[in-house]
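Here are my notes on this model. Please read them with the structure open.

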Amino acid sequence: MSIPGPVGSAELTLRGVSKAFGAVQALRDVGVDCHAAEIHALVGENGSGKSTLLGIASGFLEPDAGTVEIGGRKLTRAAPAEARRLGLGIAYQDYSHVLDLSVAENLFLAVAAADRPGYGEMNGWAEALLEQFGLVIPVRAAAGSLSLAERQLLEVAKALLTRPRVLLLDEPTTALGPEQVEHFHALVVEQARAGVAVVYVSHRLPEVLAVADRVTVLRDGVGQGTHEAASVSEKDLVALMIGRPLEVAFPERRTRGEGVETLLAVSELRGERFGPVDLALGKGEILGIAGAEGNGQVQFLRALAGVERAAGSVACDGAELDRSSPYGPLRAGVVLLSGDRRGEALFPVLSVRANATVQVLRRLARYGIVGRRRERATIDDLVRRLRVRMGSAEQPVQSLSGGNQQKVSLMRPFLRGDVKVILAEEPTQGVDVGARFDIYGALRAKADEGVAAIIKSSDPLELAGLCDRVVVMSRGRIVEEIPREELGERRIVEAIVGSRGAVVAGEGGRR
Amino acid sequence: MRRGLLPPALMTLLILALGAYAETSHSTFLGRSNLNSLLLEAMPLALVSLGQASALLVGGFDVSVAALMTMCVVTASFTLTPTMSGAALLPGALAVLGVGLATGLFNALLIRILRLPSIIATLGTFSILEGASLLLRDYPAGPINTDVTNTLTDGVSFVPLAFVGVVVLALAADAWLYRTRSGLALRAVGLDATASRRLGMATARTVIVAFVVCSLMAAVAGFYLAAEVQIGSPIIGNQALESIAAAVLGGASLAGGRGSFFGTLLAAFFLTEIDNVLPLFQQPTEYADMTIGALILLALVLYQAPELVARARDSWRRRERITAAGSEAPAA
């Protein structure tokens, strides 16, 4: 469906844009233009400047140099309100919802003045609107009670509310399952056909290439040229993004003999949105959990860690886990890497050092006093091993890119010698290609030491490449198990689609 | 809105209960003259608390209000002298409001442009105003024009007109806050400033307006304080804490985005009632401070109670459902 070359007029033009955050040069003299009726993909590793570029285009950030033109008019001051006035709509990666307000109130605040209904008619108006976008979301519920997938779809709906000439999408599908992605893409294509200029940022190359007309690549804040989507292969793009051809994507799996010792035994586990689930996990095994979003995968994983309540039995290394609080599993060596990095996994304002050592401070302390030098020596080695890219170990974790943040949370199981099971929820969500491989490598290295891992991921390619075995969940139960010999992206996607049955999209798990 | 109704309901109940108790032991309490003086006495706190509620709504505090009120009294002792009359009083009154406006803009500048935490910024303003007041009047002096004070305290029967005005103002402000888009926008900014900015709202302007309104209300409160003391006194009261207490007792969230102007008004009257009742029982007024402190803590716990109860009930139900599910499929 890709159209060769831009057909419409330039709706969004960025020229010579540069931006530095402190000592880090996030963007250097970048130029991008997006035309009417075009879907323009913007790809690059995390930390390559994609989000910064969108921030500047939308007026949220002020560039150090360069200009932004929307619909032929120059953005004279850095203010989102100004960019909106010129016809720009943006769906932020981390949303723009006021979580304590209702869905209807959020939509009401987002809509342009001309289309705004009366205050009292807000709920009916919002319902009609969401129906128009094919979304089933209760309009009176607080935005904070929605699942991540619902929040993501609501964010896109909000961006479309202003009837933008230019639509910016920042990683809009990270929380969506394959079917939702398809539905979403149909919506994007429809917008482009109607003449909207769409800039689509994503780290999921196959997805974005399926709909994009042109692709612009960013690497370390520098543009790597704009290419016709039809004439460039995924492999070429990855090479442009990381600057070297990628040969081995996934770490090698060790061949395992039959009858490996069982480490984690789950029996009749039943929670709010899943169950009953029976599962046995062997030492050194990496098990993937696939499924359409909202089919209980997240809840299952969190129940294992004692974060969500569930009935049934979970035994680790022969001993029943005390799952009444997260503390029991933690003490038994079952570690959860939450998908909500900023909210649950990390202390965003604390340093890399503090985040890494927080669980092992007792070991690093002498007479109750933590030796800074001992702490640094402990993590220095890991920083090199996991290839954490940072200025200094004293840097706040929130100033790192998503991939490097994930690596910091991964440092914890490495520092603790007693970890037996790692439960990872979307370990590479919003993580760039380079860092992904480091994370895969780290997980595999842990597995080779005898640790078992369960990976919940919405990326079938990742599960196929990383895992020894993948189970597919639907409506809270395991409906299919894919052994290692059969693992492949297509096989997993087919299992997910085949097992979906009557599951309604958007019914997703409310947290 | 059920959560929003609890604070005003509780305040009304407490006002009536304390009033009834005081009346049974001292029949003069509900007398016309005592009611009139009680309502007038409540005016400064009522007005400044409404302002404080607006600062709390955007997630800030203004502790400079007490010093600003005193500064306004001191200013009035220079600009509203007893010898003046008629139209000559207008510039003097505007000068007092001007002090409020300037202070509000100064606070807003510190908070929005220099990005200081509001509590620290306004503490600084407090000290500056305190010093300035003492510089102008190092002891109470300079009587304030009685035409002005009489007009302010005018009323029908025992009801001061100002009381009617402040009730109407609070109700109108609540209607605005919960029934209009700009009110919703203000709450959104208080709840989540980043999301609001992304939605294209003028977050900076909202915060600036909220703090200017707070200072202007404190200046108006200063007029009523002047009517009470009737002389240019540099003594600063404890309205900063009491106004925050009133806003919180009235239902405001310390994190911003939630609150009720009418609830705040009721709470301000209740706090004044405590101050007014204690002397009737020959109790030292120090008890008033302790009572108010304890009440704030109690209110904060109590107002969260519906949420805590709902959460407990929710998790209890969930547990029952999970354990009772047996071998059947889980409840979808």
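1. Start with chain B. The axes of helix α8 (residues 181-191) of chain B and helix α10 (residues 203-229) of chain B come within 10 Å and cross at roughly 100 degrees. Axes are lines fitted to C-alpha atoms, for helices over the stretch in contact, with angles from 0 to 180 degrees between N-to-C directions. Helices (H or I, at least four residues) and strands (E, at least two) are DSSP runs, numbered from the N terminus. α8(B) and α10(B) are therefore roughly perpendicular to each other (65 to 115 degrees; under 35 is roughly parallel, over 145 roughly antiparallel, the rest oblique).

2. Which residues make this contact? From α8(B) come B:A185, B:L186 and B:V189; from α10(B), B:T203, B:T206 and B:V207. Contact means C-beta atoms, placed from the backbone, within 7 Å.

3. On provenance, this is a predicted model: local features need pLDDT of at least 70, side-chain atom pairs count only at pLDDT 80 or more, and totals for chains, interfaces and linings use all residues. Residues are numbered from 1 along each chain as its sequence is written, while chains are lettered from A and ligands numbered from 1 in the order in which they are written.

4. Now the chain A hairpin. Strands β9 (residues 214-219) and β10 (residues 222-228) of chain A pair in the antiparallel sense over five bridges (pairing needs at least two DSSP bridges). A:V215 stands opposite A:H227 in β10(A). Two residues lie between the strands, and A:D220 takes a positive phi near 50 degrees.

5. Last, the interface. 26 residues of chain A are in contact with 22 residues of chain B. α3(A) gives the most to the chain A side, with four residues.

Methods:
Two residues are in contact if their C-beta atoms, placed from the backbone, lie within 7 Å.
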